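Here are a few friendly notes to read alongside the coordinates.

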Amino acid sequence: MEIRLRKLALAGVVTLGALGLAACGGGGGGSDSDSGDGSETPTAVGGTWEKDNFLPVSTYASRCVAPRSGTDPATGSAYADVAGTREDENNWLRSMSNELYLWYDEIEDQDPASFDDSLAYFEELRTFALTPSGREKDRFHYTVPSDEWYSQTESGVYVGYGVQWALLSDKPPRKAVVAYLDEENGGNLPDIITRGAEVISVDGVDLAYGDDVDTLNYGMWPENDGESHVFEIRPLGSSTIETVTLVASPVQSDPVQYVKTVDTNSGRKVGYMLFNDHIATAEAELIDAVSELESESVDDLVLDLRYNGGGYLDIAAELAYMIAGDNTAGQVFETSQFNDQHPETNPVTGAPLDGTPFYSTGLGFVDESLYGEELPTLNLSRLFVLTSENTCSASEAIINGLRGIDVEVIQIGETTCGKPYGFYPLDNCGTTYFTIQFSGVNAKGFGDYSDGFVPNGNYGTDADLPGCVIGDDFDNLLGDADEARFATALNYIETGECGDIAVSAFSISGESEGAPAFNARVTKEVSRSNRIMVK
């Protein structure tokens with residue numbers, strides 16, 4: 001699957017199926033008729049395919065149908081690309097997958113010369129096994145154009161409106177509302193665009209029942225700077241429908257928002273922060289947020305991860321230290337386990353598998369002055385996390401890593417996505433490939449949560465957490481003490497119980513009441529939805 005910006009999923013009528021914003025290209029681009037510079041196509045290297053016989057991945061690296069020229073922004077050096085063939089690019093994928101893929105022995109080996117599309121071939125280089133609950137074990141097999149990947153992960157910049165939509169129903173009658181804004185103050189958005197504002201139509205197409213799903217998708221998830229689309233919006237708490245025009249532009253997401261403290265009736269001081277993305281720019285914001293809460297001497301922390309799909313694992317390890325402090329001494333945050341061909345050594349870096357520590361000093365992701373600086377800490381022995389099925393990967397690693405050192409984690413919300421896996425992003429010929437390379441286990445050796453962490457679970461595993469099951473409350477703003485999940489956490493802090501806080505049922509375009517907003521899906525770029533390692 002190629003992800004370009006946000007690949008969504010609004011479903012049309014039954015005959016249309018699930019549609020999304022798919023972009024063409026990938027695999028380095030170009031055709032096999034020439035090398036991209038007018039010269040004759042070179043001969044593929046490596047000889048004829050033999051089933052289950054693999055040459056080293058270096059045999060095929062950077063041999064591209066359309067070689068790039070200039071400087072690679074990720075390395076600062078010239079691109080290593082040379083003229084190659086589609087078979088070379090496919091052979092690179094085949095050898096790489098055999099060497100690094102976590103479930104390499106579950107891949108059906110197919111002749112790379114029989115595929116004229118590298119993205120289609122990559123789709124075959126994975127397991128098709130299922131988890132105990134019946135979901136695909138590998139739901140995380142992606143590609144992204146390398147230039148977009150670099151922009152997303154280093155700066156958090158994407159093209160859009162600065163709005164994250166929540167899909168409460170993706171089939172007719174559809175329903176979508178604003179989940180949150182990428183800038184805490186709303187940026188340049190109209191005042192009516194707040195959490196809970198409902199989309200009624202896009203460019204004249206009715207969201208609930210309209211047949212033109214492409215118009216809905218392209219309007220809600222624009223691809224190009226300067227695109228404008230007309231929305232009918234019902235603001236939060238209003239019965240009036242208003243018309244606004246939204247213009248797409250480069251947006252830099254603000255990953256840490258609504259940092260605050262709340263005093264409970266018993267006198268406990270509770271900190272809260274919304275953490276949305278483990279991107280590079282989050283490091284400095286997290287340090288500032290924890291420093292603020294440390295100065296307030298908070299007794300508890302409510303960490304809102306409901307929309308955090310993951311990102312850099314090292315940032316998760318930094319935040320876990322900033323939460324637990326002295327409780328992390330001498331402990332490992334997470335240890336990566338690669339496939340059985342690499343029991344002791346990281347096959348990507350060549351380093352011993354010693355594990356990711358709870359980092360007590362800054363790593364300088366963006367601000368190099370933070371490198372080596374002592375991190376603030378709250379020194380807490382328990383944590384309240386607000387979760388949903390959008391809570392994934394590096395976010396789940398925070399939960400698992402803290403539980404591995406006996407920090408109590410109390411979960412309020414819904415079952416998380418279930419991704420104890422990660423990867424090093426691998427660029428070849430202009431496409432960055434994401435193939436599951438390792439699973440992560442905590443200091444106690446636990447990492448088996450492929451069906452997610454479950455609040456108040458009753459499955460008899462270490463993926464069951466104490467806590468409360470409660471839907472997403474789109475009638476209140478995030479960080480508001482009346483918002484159902486935050487209110488439930490505050491009640492639990494006071495009483496040790498979930499209480500009877502209810503989530504309002506939602507209605508579909510003014511019709512009969514529906515179910516509470518469980519399983520509201522918020523789709524993001526792949527850079528914001530994974531457990532990512534850096535070399």
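Before the points, one term: two strands count as paired if DSSP finds at least two bridges between them. Please also bear in mind that this is a predicted model.

1. **The three-strand sheet.** With that definition in hand, look for an open sheet of three strands in the order E5-E24-E23, where the pairing is antiparallel. Strand E5 (142-145) and strand E23 (426-428) are the edge strands, and each of them pairs on one side only. On average, neighbouring strands of this sheet are turned by 30 degrees against each other, direction ignored.

2. **Inside that sheet.** How many bridges join E5 to E24? There are four, and the two strands run antiparallel.

3. H1 lies across E23 and E24, and its direction is at about 160 degrees to that of E23.

4. **A ring pair between H1 and E24.** A search of the whole structure finds 18 aromatic pairs. One of them is formed by Trp92 and Tyr433: the ring centres are 5.7 Å apart and the planes stand at 45 degrees, so this pair is tilted. The pair links distant parts of the chain, as Trp92 belongs to helix H1 (residues 86-100) and Tyr433 to strand E24 (residues 431-434), 341 residues apart.

5. **The four-strand sheet.** A further open sheet has four strands in the order E19-E18-E25-E22, with antiparallel pairing. Strand E19 (356-357) and strand E22 (421-422) are at its edges; each has a single partner strand, so one side of each is left without a neighbour in the sheet. Within this sheet, E22 is joined by two bridges to strand E25 (residues 438-441), and these strands run antiparallel. Here Gly422 stands opposite Phe438 in E25.

6. Which strands does helix H6 touch? Helix H6 (residues 313-324) packs on the sheet against strand E18 (332-337) and E19, and its direction makes about 155 degrees with that of E18. Helix H7 (residues 394-403) lies across E18 and E25, and runs at about 115 degrees to E18.

7. **H6 against H7.** These two helices also pack on one another, with their axes 9 Å apart and an angle of about 40 degrees. Angles under 35 degrees would count as roughly parallel, and H6 and H7 are therefore described as oblique to each other. H6 passes H7 in a right-handed crossing. From H6, the contact uses Leu313, Ala316, Leu319, Ala320, Ile323 and Ala324, which meet Ala394, Ala397, Ile398 and Leu402 in H7. By class, this contact of H6 with H7 has ten nonpolar residues, no polar and no charged ones.

8. **H6 against H5.** Is the arrangement of H5 and H6 parallel or antiparallel? The axes of helix H5 (residues 282-295) and H6 come within 11 Å and cross at roughly 5 degrees, and the two helices are therefore roughly parallel to each other. Glu283, Leu286, Ile287 and Val290 of H5 make the contact with Ile315, Glu318, Leu319 and Met322 of H6. The residues of the contact of H5 with H6 divide into six nonpolar, no polar and two charged. Leu319 is worth a look on screen, as it is listed in the contact with H7 and also in the contact with H5.

Terms used. Residues numbered from 1 in each chain as written. Predicted model: local features only at pLDDT ≥ 70, side-chain atom pairs only at ≥ 80, totals over all residues. Heavy atoms only, no water. Contact = heavy atoms within 4.5 Å. Axes fitted to C-alpha atoms, helices over the stretch in contact; angles between N-to-C directions. Parallel < 35°, antiparallel > 145°, perpendicular 65-115°, else oblique. Left-handed = near helix turned anticlockwise from the far one by under 90°. Nonpolar A, V, L, I, M, F, W, Y, C, P; charged D, E, K, R; others polar. Phe/Tyr/Trp six-rings, centres within 6.5 Å; stacked < 30°, edge-to-face > 60°.
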